[in-house]
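The following exercises ask you to read a protein model step by step. Please look at the sequence and the 3D view first, and then work through each task before reading its solution.

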Amino acid sequence: MFLYNKCHALKTLMLALALVVMAAPKAQAIEVPLEFGIPRPGLAANLVNKAWMDDPEYKFWTKDSGIIPSYLMALADINGDNTPEIFARHADEYLGFCNYKGTCRLHIYAYTSKGFFEIGRITSSFKIAISSDRTKNISNIIAEDEGGKRVTYIWNGTKYEAKK
């Protein structure tokens with residue numbers, strides 16, 4: 001009888017703890033704004049320049065005219081591997097990569113032991129932040145669209161996409 005009461009009490013306590021944990025409010029996500037700046041010469045800038053030289057969409061600007069569109073760059077580790085991902089945001093509206101409202105194309109690149117990959121291509125204003133909320137162990141990205149609406153981009157396993 002004593003053993004039954006102890007087991008019953010333990011099960012009741014565990015159930016109560018589970019209910020408390022489930023009822024607790026979710027912690028507010030922390031958002032860290034990205035700080036963009038002029039790319040400094042080095043590996044990150046060289047990788048972006050090469051990616052744009054090889055991108056079929058940029059063929060006219062890079063191979064035919066020899067121009068690499070101007071951009072601003074930020075670095076942030078979004079997957080926890082201690083290697084920062086590269087955020088390259090267009091800065092020249094005259095070449096067609098930005099619109100008159102100030103939203104521009106943003107490319108997100110990851111550099112791994114397997115190579116250099118584009119993992120996201122979104123359009124946003126300068127208000128871009130990395131969220132502490134994660135999807136598939138990769139940080140979500142918060143950005144403003146041309147209307148000023150906040151959009152959350154989540155990792156789908158191969159690239160970022162707008163959260164539905």
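On a 1 Å grid over the protein atoms alone, a pocket is an open set of points where a 1.4 Å probe fits, with protein on both sides within 12 Å along at least five of seven lines, whereas a cavity is a set from which the probe cannot get out; lining residues have an atom within 4 Å of a point. This is a predicted model, in which local features need pLDDT of at least 70 and side-chain atom pairs count only at pLDDT 80 or more, while totals for chains, interfaces and linings use all residues. Residues are numbered from 1 along each chain as its sequence is written, and side-chain values use heavy atoms, with hydrogens and water left out.

**Exercise 1. Describe the largest pocket and find which strand gives the largest share of its lining.**

Step one is the lining, which consists of Gly37, Ile38, Pro39, Arg40, Ala44, Met73, Ala74 and Leu75. Strand 2 then supplies the largest share, with three residues. Step three is the volume, taken as the space filled by probe spheres set on grid points that are joined across faces, edges and corners; for the largest pocket this comes to about 150 Å³.

**Exercise 2. Work out the strand order of the open sheet and say which strands stand at its edges.**

Begin with the rule that two strands pair if DSSP finds at least two bridges between them. Four strands form the open sheet, in the order 2-3-4-5 and with antiparallel pairing. Strand 2 (71–76) and strand 5 (115–124) each have a single partner strand, so one side of each is left without a neighbour in the sheet. Next, follow the pairs: strand 2 is joined to strand 3 by six bridges, with tyrosine 71 opposite histidine 90, while strand 4 (residues 104–112) pairs with strand 5 over nine bridges, and there leucine 106 has isoleucine 122 as its bridge partner. Finally, helix 2 (residues 43–54) packs on this sheet and touches strand 2, strand 3 (85–90), strand 4 and strand 5, contact meaning heavy atoms within 4.5 Å.

**Exercise 3. Which residues touch the most other members of the largest nonpolar core?**

A nonpolar core is a set of buried Ala, Val, Leu, Ile, Met, Phe, Trp, Tyr and Cys residues joined through side-chain atoms within 4.5 Å. Buried means under 20% relative accessible area, exposed over 50%, and partly exposed in between, with a 1.4 Å probe and protein chains only. The largest core has 21 residues, and those touching the most other members are Leu34, Phe36, Ile78, Phe87, Ile108, Ile141 and Tyr160. Apart from this core lies another, of 14 residues, which include Ala44, Trp52, Trp61 and Ala88.

**Exercise 4. Is threonine 152 buried, partly exposed or exposed?**

First locate threonine 152, which is found in strand 8. Its relative accessibility is 24%, and therefore threonine 152 counts as partly exposed. Leaving aside neighbours within four places in sequence, threonine 152 is in contact with Asn140, Ile141, Ile142, Glu161, Ala162 and Lys163. For alanine 162, the separation from threonine 152 is 10 residues in sequence and 5.9 Å in space, C-alpha to C-alpha.

How values were computed:
Helix = DSSP H or I, 4+ residues; strand = E, 2+ residues; numbered from the N terminus. Axes fitted to C-alpha atoms, helices over the stretch in contact; angles between N-to-C directions.
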